[in-house]
Every structure is written in C-alpha cells, then in structure tokens.
Amino acid sequence: MKITIEWNYKPAKSSHTIRFVSDSLSLKEAIRTALDIERTGRLGTIMFIDENGTYWSKKELQKLAAEKETEPMNVVCYFDGGYKKDDGKSGQGAVIYYEQNEKRYRYRVNASLEQIDSNNESEYAALWLLVNELEQLGVHHSTVTIKGDSMVVIHQMTGEWPCYEQELQRWMDKIEAKLKKLGLTPIFELIPRNENKKADFLATQALSNISIEAKKEMID
C-alpha cells in the first residue's frame, strides 16, 4: 500500500499557508512522516491518499498499520483455468504465496464452476476464485502480484486489449469491483505455461473431480 501526503504549512508571522505534496510512501513511512511534520508546530490541514484515490485520516492509517502487523503480506499469486469442450466441464486452480507472522506459506485451492462456455471464461473464473481466496485470507489494502499464462485475461485486465465479449466483460467487472472493495492494487504478469504448472495441475485435478484446499508452511 502506497500513501501520498498532502498538507498545508503555516509559516511564522504569516497569514498564508504553503501546500506540500509528498512522494509515494509506504504505510509506515507515511505515518512516521506525518508525526515529524506535526512536531514542527506549523501544520495546517493534512490528508493521506492511497493509490486508489481513497482518503484516510491519520487515526485510520495507524489502526490499519496495527492490523497489518499480523496480516498476510508480500503476496504472489498464480491462477489457471481449464475447459473440456466435449462435455462443457471447467476447472480452476489458484496458488497463493504469502508471509504472515514472520513465516512463509503456500495456499492451494481449486474449483469446478458450472455454466462456463469457453477456456477464456474458465481462465477468468480462475482469477475470480483467486481474488475471493485473497479476501478469505484477509488480504486487503496492499499490492499483490498476480501471474497467469492467459494472454487474454492478463492483457484485458491491464487494459492493453479491449474486451468485446459480454460474458468476459461481466467477469472483468466482478473482479475489478472485488479488488476495489478489498483495496488491492494488482500487478498482473504474463508468464509461460511451464511457470504456471502448479495452478494448471490444480485446474486439471478439478476437471477430474478432485478437490484441493491446502495450506503449507514453506521452510527453507
């Protein structure tokens, strides 16, 4: 999560104020900087804006910082979807790596959603599964890296490609709304299929009616 500070400074023996805007700061840096500014005794108004344009008070940021001490961080995710045209069955897989309480974890989950009509739609369904699992893990108001091998999904989610299919657009809208609700800033990354094997295997297992939901501590 990145924060920009906007504040008004009141010079001595002057009725005018000077407006300042900070660089983009981390959550802890923003709070520390605000406290330093307050110590000058010449602070007028101060505002905190995150990368989504949401305004925060200092009290709200301090509460969020305290919560984040025990929340998942440094989140890197993978998703993949599969589709069998002959029987219309779909499978979705998601893998989430994160750190929490100074430990590293891997979380794997799959699903087989109904009423999917194409491989591209199954890929979007896999991304939807992933975003919902992030919510269940308590990931919010942070930057997450999301990797997949679907050129359609990655390029459309980043705005590089237009989306003309109404069904895919509906998935996009749902996913973007959920990301906004959670305050997540996604960094989408297109990767080769051989770097997405774990998510692909989960999707394949779902196609074979094998359900997976597993969390594992990663020990070096």
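Let's start with Glu135 and Lys181, which form a salt bridge with their closest N and O atoms 3.3 Å apart. By salt bridge I mean a side-chain nitrogen of Lys or Arg within 4 Å of a carboxyl oxygen of Asp or Glu. Glu135 sits in helix H3 and Lys181 in helix H5, so this pair ties together parts that are 46 residues apart in sequence. Helices here are DSSP runs of H or I with at least four residues, strands are runs of E with at least two, and both are numbered from the N terminus. Lys178 comes in as well: salt bridges with shared partners join Glu135, Lys178 and Lys181 into one network.

How covered up are the two ends? Glu135 is partly exposed at 23% relative accessibility, while Lys181 is exposed at 57%. For those words, buried is under 20% relative accessible area, exposed is over 50%, and partly exposed is in between, using a 1.4 Å probe and protein chains only.

A quick word on what we're looking at: this is a predicted model, where local features need pLDDT of at least 70, side-chain atom pairs count only at pLDDT 80 or more, and totals for chains, interfaces and linings use all residues. Residues are numbered from 1 along each chain as its sequence is written, and side-chain values use heavy atoms, with hydrogens and water left out.

Okay, the overall picture. The chain has six helices and eleven strands, and its C-alpha atoms fill a box of roughly 80 × 45 × 25 Å along the principal axes. Of its 220 residues, 43% are buried. If you take contacts between residues at least 6 apart in sequence, 69% of them join residues at least 24 apart; a contact is heavy atoms within 4.5 Å.

Now, back to helix H3, and to the inside. Which residues touch the most other members of the largest nonpolar core? They are Leu127 and Leu130, in a core of 35 residues. A nonpolar core, by the way, is a set of buried Ala, Val, Leu, Ile, Met, Phe, Trp, Tyr and Cys residues joined through side-chain atoms within 4.5 Å. Several elements give two or more residues to this core, including strand S6 (73-84), strand S7 (89-100), helix H3 (119-137) and helix H5 (166-182). H3 gives the largest share, nine residues. Leu127 itself touches Phe79, Ile146, Val153, Met157, Ile175 and Phe188, leaving out residues up to four places away in sequence. Apart from this core lies another one, of 16 residues, with Leu25, Leu27, Leu43 and Leu64 among them. As background, nonpolar side chains tend to be buried together in soluble globular proteins.

Let's move to strands S1 and S2. What ties them together? One tie is a salt bridge between the side chains of Glu6 and Arg19, at 3.2 Å from N to O. Glu6 lies in S1 (residues 2-9) and Arg19 in S2 (residues 18-21), so the pair connects parts 13 residues apart in sequence. Glu6 counts as buried, at 17%, but Arg19 is exposed, at 55%.

The whole structure has four aromatic pairs. Rings of Phe, Tyr and Trp (its six-membered ring) pair if their centres lie within 6.5 Å; planes under 30 degrees apart are stacked, over 60 edge-to-face, and the rest tilted. Trp7 and Phe20 have ring centres 5.5 Å apart and planes at 20°, so they're stacked. Trp7 is in S1 and Phe20 in S2, so this pair also ties together parts 13 residues apart. Trp7 is buried, at 14%, and Phe20 is partly exposed, at 34%. Then Tyr9 and Phe20 have centres 6.4 Å apart and planes at 80°, so that pair is edge-to-face. Put together, ring pairs link Trp7, Tyr9 and Phe20 into a cluster.

Asp36 is partly exposed, at 43%, and Arg39 is exposed, at 61%.
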